[in-house]
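Hello,

Here is the structure I promised to pass on to you. My notes on its sheet, cores and pockets follow below it.

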Amino acid sequence: MHSSLHALPVLQDNVIWIWVRGAEAVVIDPAVAPPVREWLEERQLNLATVLQTHHHADHIGGTPELLQRWPQAAVIASADDRERIPFQTMPVRDGDHITVLGEEVEVLDVAAHTRAHIAFFIPNPEGAEIRPLLFCGDTLFSGGCGRLFEGSAEQMHQALQKLAELPEATRVCCAHEYTEANLLWAVEQRPNDTVLAERYREVRSLRSKGALSLPSSIGVERRTNLFMQAGSAAELAMLRQDKDQWRPA
């Protein structure tokens with residue numbers, strides 16, 4: 001039985017990922033409930049599991065309402081965030097291996113954006129078109145990384161280096177469509193980088209047609225993400241400070 005992956009854009013720039021196998025669905029970071037509920041009901045799918053990468057409202061906001069509709073659904077979240085994600089039913093930690101939709105899922109500690117941020121890595125989901133998968137919340141963005149609200153540049157550098165070691169073909173399913181702005185900033189930093197410039201042109205074309213630039217891949221991020229390429233925490237800190245202050249012309 002093959003899996004399929006679906007992106008559901010909501011709010012201004014959030015992307016809710018829905019991973020489906022047969023009649024069962026897994027929802028990752030549901031910012032709001034109504035569009036998810038409608039999407040699942042239209043396809044007569046059962047919500048089996050919710051994966052929560054971190055506690056921010058635009059990631060967990062829809063979960064309580066979804067649980068009213070599907071009370072049997074498991075909610076998998078960081079054991080270190082029980083207070084901020086109180087409806088979790090399966091607390092997990094770095095290095096845990098769990099089974100979701102019959103597939104092995106590895107939990108990765110990628111704290112930096114928040115102090116208890118995790119990612120979910122599925123190395124070999126059924127369905128060649130979607131293998132492997134990474135649900136990384138707000139730690140790694142396409143062309144960028146999350147702001148350092150509760151963590152340090154050292155933690156973010158460690159997290160991104162950990163993610164960079166995943167297989168190149170891994171699909172990067174981040175939770176926001178920030179790619180165009182991230183790459184515009186990046187090409188201003190490196191105006192002579194032809195690989196970066198070409199990717200920026202591709203993303204601009206996609207976005208101008210209303211298409212998502214996501215998912216990305218670990219290989220693409222290795223080649224075009226300045227934060228993932230940072231050689232040290234100090235370099236990443238400088239990039240993060242510059243990006244935080246940057247505004248498009």
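Two strands count as paired if DSSP finds at least two bridges between them; helices (H or I, at least four residues) and strands (E, at least two) are DSSP runs, numbered from the N terminus. On that basis, S7 and strand S8 (residues 103-109) run antiparallel and are joined by four bridges. Within this pair, Ile98 stands opposite Val105 in S8.

Before the rest, a word on the source. This is a predicted model, in which local features need pLDDT of at least 70 and side-chain atom pairs count only at pLDDT 80 or more, while totals for chains, interfaces and linings use all residues. Residues are numbered from 1 along each chain as its sequence is written, and side-chain values use heavy atoms, with hydrogens and water left out.

The sheet
S7 and S8 belong to an open, mixed sheet of six strands, ordered S7-S8-S9-S10-S13-S14. Its edges are strand S7 (97-100) and S14, each of which pairs on one side only.

The cores
A nonpolar core here is a set of buried Ala, Val, Leu, Ile, Met, Phe, Trp, Tyr and Cys residues joined through side-chain atoms within 4.5 Å, where buried means under 20% relative accessible area (1.4 Å probe, protein chains only). The largest one has 55 residues, and Leu134 and Phe135 have the most contacts inside it. Helix H4 (residues 153-164) gives the most to this core, six residues. Apart from it lies another core of 20 residues, including Ile16 and Trp70. Beyond four places in sequence, the residues in contact with Leu134 (heavy atoms within 4.5 Å) include Phe120, Leu163 and Ile218.

The pockets
A pocket is an open set of points on a 1 Å grid over the protein atoms alone, where a 1.4 Å probe fits, with protein on both sides within 12 Å along at least five of seven lines; lining residues have an atom within 4 Å of a point. The largest pocket holds about 580 Å³ of space, the volume being that filled by probe spheres set on the points. Its lining has 28 residues, and the closest to its centre are Asp13, Arg147, Tyr178, Asn182 and Lys243. H5 gives the largest share of this lining, four residues.

The second largest pocket has a volume of about 150 Å³. Among the residues that line it are Arg171, Glu198, Ser213 and Thr224. Here the largest share, again four residues, comes from H6.

Terms used: Buried < 20%, exposed > 50% of the residue type's maximum accessible area, 1.4 Å probe, protein only.
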